[in-house]
Amino acid sequence: MMEPAAPQPCAACGDDARAACRACAYALCRACLDEDAAEGRTTCARCGGEYAAADPAHGDEGAEAGEVESHHAAGGLRERVTMGSHLSDRQDEVSHARTISSVSGVGSELNDESGKPIWKNRVESWKEKKKEKKASAKKAAAKAQAPPVEEQIMDEKDLTDAYEPLSRIIPISKNKLTPYRAVIIMRLVVLGLFFHYRITNPVYSAFGLWMTSVICEIWFGFSWILDQFPKWCPINRETYVDRLIARYGDGEDSGLAPVDFFVSTVDPMKEPPLITANTVLSILSVDYPVEKISCYVSDDGSAMLTFESLAETAEFARKWVPFCKKYSIEPRAPEFYFSQKIDYLKDKIHPSFVKERRAMKRDYEEYKVRINALVAKAQKTPDEGWIMQDGTPWPGNNPRDHPGMIQVFLGETGARDFDGNELPRLVYVSREKRPGYQHHKKAGAMNALVRVSAVLTNAPYILNLDCDHYVNNSKAVREAMCFMMDPTVGRDVCYVQFPQRFDGIDRSDRYANRNVVFFDVNMKGLDGIQGPVYVGTGCCFYRQALYGYGPPSLPALPKSSVCSWCCCCCPKKKVEKSERELHRDSRREDLESAIFNLREIDNYDEYERSMLISQMSFEKSFGLSSVFIESTLMENGGVPESADPSTLIKEAIHVISCGYEEKTEWGKEIGWIYGSVTEDILTGFKMHCRGWRSIYCMPVRPAFKGSAPINLSDRLHQVLRWALGSVEIFFSRHCPLWYGYGGGRLKWLQRLSYINTIVYPFTSLPLVAYCCLPAICLLTGKFIIPTLSNAATVWFLGLFISIIVTSVLELRWSGIGIEDWWRNEQFWVIGGVSAHLFAVFQGILKMVAGLDTNFTVTAKASDDTEFGELYVFKWTTVLIPPTTILVLNLVGVVAGFSDALNSGYESWGPLFGKVFFAMWVIMHLYPFLKGLMGRQNRTPTIVVLWSVLLASVFSLLWVKIDPFVTGTETAANSSSCSVIDC
């Protein structure tokens, strides 16, 4: 026999309901029904339907049946009302929206003379009468149970915060931005007038030099436009973490979304395991519910050293994580926490803190010794390969031919911390590698992590970090969630990018390692358009955006099946498309249609679901894994219910097999995009082309910190790799010059910024030529500018003044220092005449001849003192061009002054212009000169020999050929020589 359901509250007064409308499930109690009947109303006050009421004549059984019927009829409404009264995630919002529309569409409301629904008037009258009857009882109960005034105020404040926005945009003050924009326009006008003067006033005595200089200046103007106008609308943002907690709660029962962390490493000899371990420890101890955090470490070198160090890290995390959370430690990477030169007792009030800190520091030092022992052991690989503790060979002994490996160290079924609390999940992943397969380096490793995490945890958000970037702000994840989980902001956000900050850089930042201008100026400008570019680390992704889907707000594309029957009644202008575009659109339409249909068949069995997946071509896009495909359809994450927990690891091994991506869209439309060593630029660009936007988050305390190469050679090698990636994108099908115009979803200023990211290496060609011009002018006595008129002087002064004022106003609204700006200008020249130049030639060789040239870097000296790495010199061919330019200009300045001394006072006027030009080059290359000298002010002999040889040969050839002497001058010289009989 069915047990009676719990009584449902009356929609009017709150008492136990005895009847409900059959049509709209509007429930009333017995007193309200009697009062309604006394007034002559026997139908539902809302829709006019009949009530399903219990008949007293039928006894208790009839009452029970009526209550059950009423419960089932009104259960959905009660559930929806409850859902609508609480803020929830995206899926709840969609469900709530559908509920409201369905409820409002039931029947037709009866209105009174004033147009107000009659049922609302009745409800108000019922409430008034009930209120009068129960006023005294409610007053007494409220008085007995009323909380203190302070708690009421706090509850009201929390409720208010829960409905407030989680972030806000702080626009730049108009007093700062308006003059900045006005000067940009003025500079653009002056630049046009300057080019007009330069083109219409050639220097015939040095026509080659003049033509070269004009071409270089036009390119520089074009490059300035690409860099300047994406900074037209800079903005700042502010987050409210307290409102996030008030809205979604905190702790085990919080509504915060789960997050999967990705950490990638390759060679433990180049990327020390201790640095990777500190990154992992900082992730495991973040200020976020532990059951919602998972950390996946990708070992793309299949090194047993990485595996063993991660096992040691998991054991040490049992002590470190509770210590950090107990005392609110910042940062939560032990190496950097214990090395801080600050007062660690500040704001610490717990009496046992000092004792536990000392014990923890001792434990960490012992942990470091164990890691160092593993590193020392791994220096020499045994002939038979590495052997695991159980006596079996390590599967990854051959890093180019090994099976996939997955090991779960911590998590729900793993070890707990020393306080008995659960720890976040920690997973070791090494994807399968076999000869003959393309593995796509870091991008391929990240895509393998996407699939593994989708099978095991499937968090809706992914945060990726390089192995040398640790979590510096334990609330960084909450900062990102203030954007991602805000219903008004996060719907169209594909990722939240944090700025990169670095430790261990010298105070003067000689080689602009901090990239302050890019992260504090350019990225703020992009945030005001469509969002910052993805820079490869410190980025929180929305998983659905990585799967190639468009944003929810994007209007659905029209289906051909719909247009086939309505074209006769509503004809539209036919838009001709190429066959390739039609094929692309049809594939995208089919994919979106399949996703929608699959969401509506939750009641299908496993066979029907697998058949539908196959029919809708999901396998062609995502690969042959039904568990993974089903996880891609869960917008709010979570492991699919149909998945068998006992086979998840086996399925995870399957999705990281080397042949899984064959004939799929991985690396083309899904996940990290292949085709460039800078896969980060391509991945973000594809998302922006689909209509997504990104967010730039700059918390007061930097979210993440990393290490950067601070010596000259390593820094140039890093810049070379970035520039080479940009050149590869320029010659690929994803070039922003011609890709992504079809949907019209990429904003024009955003496109300009992406064009700038792929053409900036080519600026090295005119920059090298322009830096050689002053030396050539000083050695030959020629100049690229004719005698200036009054009007020309005005244009030159206007251009210089506009450049200076633009920079000053940019410093004003961005807040960066003049030293950071000047270091950026210097390294723009240093990198342009060295790394960027080599990247252009290497990219062209790779495209034309298929040659992949690697520039190796080997250490020559070292220093163990603070910033000792700054003075390490490593020989590389990238150093030859800037050294040659520097020597040329120094020789030119000496030759220019010597010639002026011999020629008299008349030659001093033109000399100043040439020397100023040469000193501009030397000042920009000054940090490079200091890097060559090192601490001991000595330069390797090979650098001096190459540079002096090239400079001398170039100078002697130039003087001998003298190509800028006209034909009449040559004839006159020849005739004079014949007269003298020389």
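Q: What makes the pair Asp-520 and Arg-501 a salt bridge?
A: A salt bridge is a side-chain nitrogen of Lys or Arg within 4 Å of a carboxyl oxygen of Asp or Glu. The closest N and O atoms of Asp-520 and Arg-501 are 3.0 Å apart, so the pair meets the definition. This is a predicted model, in which local features need pLDDT of at least 70 and side-chain atom pairs count only at pLDDT 80 or more, while totals for chains, interfaces and linings use all residues. Residues are numbered from 1 along each chain as its sequence is written, and side-chain values use heavy atoms, with hydrogens and water left out.

Q: Why is Asp-520 called buried?
A: Buried means under 20% relative accessible area, exposed over 50%, and partly exposed in between (1.4 Å probe, protein chains only). Asp-520 has 13% relative accessibility, so Asp-520 counts as buried.

Q: Why is Glu-315 called partly exposed?
A: Its relative accessible area is 39%, so Glu-315 falls in the partly exposed class. Glu-315 also forms a salt bridge with Arg-318 (3.2 Å, N to O).

Q: What makes Arg-543 and Asp-260 a salt bridge?
A: Their closest N and O atoms are 2.8 Å apart. Both residues are buried.

Q: How do you know that Met-481 is in contact with Asp-486 and Cys-540?
A: Contact means heavy atoms within 4.5 Å. Leaving aside neighbours within four places in sequence, the residues in contact with Met-481 include Asp-486 and Cys-540.
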